[in-house]
Amino acid sequence: MTRDSSDRSGADFFEIRFESIGGLGAHVAGKIVAGAAVLRMNMNGSHFSSYGSEKKGSVVRSFIRLAPADRSIRTSAPIEEPDVIVVFHSGLLAHPATLSGLKADGTLIYAGHENEIPEWLKRVPKSAKVVRVDAQTIAFEEKSRENAVLIGALAAAVPELDRQAVCEELEATFAGKNGHIVESNGRAFKRGADEAEIIENVGRVEGDVPTMQSHPAWGYKSAPIGGVLPTPGNTAYNDLQTSRTGWMPVLARDKCIDCGMCDMVCPDLCLVWSTHVDADGKPGVTLDGIDYQYCKGCMRCVETCSTGAITREAELPGMADELRVPLFPGLAATAGDRHA
Ligand code: SF4
Ligand code: SF4
């Protein structure tokens, strides 16, 4: 599938972004508006939401992307440059991301009490339309919810939407519920549409509001090189003793020929060696024992040893501590503290 430039830029889409917090019904409201457009207004549309931690009070964004019937919608990218932003709680205006990308000729609808004009509205484009509706009071008085009031205000403020179609979709959404819910939602919707007021001369921004995108702290250019341990040696404190299941390898020093085969197969490098110079003056190594702090009891060393110098023995209490040869003597106290 190929995407043309309008898929990416949003050109010839009509895009609405709801800025809300969990519990205010933004997702349902978005679904109703998109449903009205697709089912009752002969438009193409898509709707989806993004949630924070999915609990009441966390940020919720709901996206509605609409297009004429002959224009397919093949993107589900979040809406970054909306024609309309609906803010479900005036407190959200304090965060610059709430108004991110609002077009210069766009519309901002916010839930605010009578005469409430947050100073943050200066971030709105001068040429944008700003609408306030007292969603909370109306919802309370009509025993409805803010989302019904706000989609009423939206349907009235935006000529691209058919107010009657949105109202009918609202009714249809709750048709299976108690009749009084449909009626109270209808009243809230009507009051939202009728009582929303245009606020003049609050925006100070020339042109579109710049888009804000949140980026992770590390990207492909800034992430540390993979495979590098910034704190080398930290695994020296690992303790794998609980991985053993009642059996442990035990070295019989008198049978060992220091061939090193056990060390080749041990996945955790728990065999402890020392160096020496033999009678002929040649350097050599001696297997001193096993550090059981790192031994998980896989028994590969036992299977590999050709002389029978390492055998599989039942592990009795205190046996590992007694036979242990520390790989890092400087850590011995730490390992010992483990058993205190
Ligand atoms: S039992 Fe496994 S982990 Fe333990 S010393 Fe032998 S090979 Fe290493
Ligand atoms: S494989 Fe056996 S003989 Fe060889 S070093 Fe290990 S314990 Fe000693």
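Start by selecting ligand 2: 14 residues surround it, and the closest are C256, C259, G260, C262 and C305 (a residue counts if one of its heavy atoms lies within 4 Å). This is a predicted model, where local features need pLDDT of at least 70 and side-chain atom pairs pLDDT 80 or more, while totals for chains, interfaces and linings use all residues. Residues are numbered from 1 along each chain as its sequence is written, chains are lettered from A and ligands numbered from 1 in written order, and side-chain values use heavy atoms, leaving out hydrogens and water.

Now color that shell by class: 11 residues are nonpolar, two polar and one charged. Here Ala, Val, Leu, Ile, Met, Phe, Trp, Tyr, Cys and Pro count as nonpolar, Asp, Glu, Lys and Arg as charged, and the others, Gly among them, as polar.

Next, click on ligand 1. Around it you'll find P249, C266, C270, C295, K296, G297, C298, M299 and C301. Its shell holds seven nonpolar residues, one polar and one charged.

Last stop: E19. Which strand is it in? Look at β1, residues 14–21 (strands are DSSP runs of E, at least two residues, numbered from the N terminus). Is E19 buried or exposed? E19 counts as buried because its relative accessibility is 2% (buried means under 20% relative accessible area, exposed over 50%, with a 1.4 Å probe and protein chains only).

Now show the side chains of E19 and R61: they make a polar contact at 2.9 Å (a pair of N or O atoms within 3.5 Å, one able to donate a hydrogen and the other to accept it; residues adjacent in sequence count only if both atoms are side-chain atoms).

Technical notes: Helices (H or I, at least four residues) and strands (E, at least two) are DSSP runs, numbered from the N terminus.
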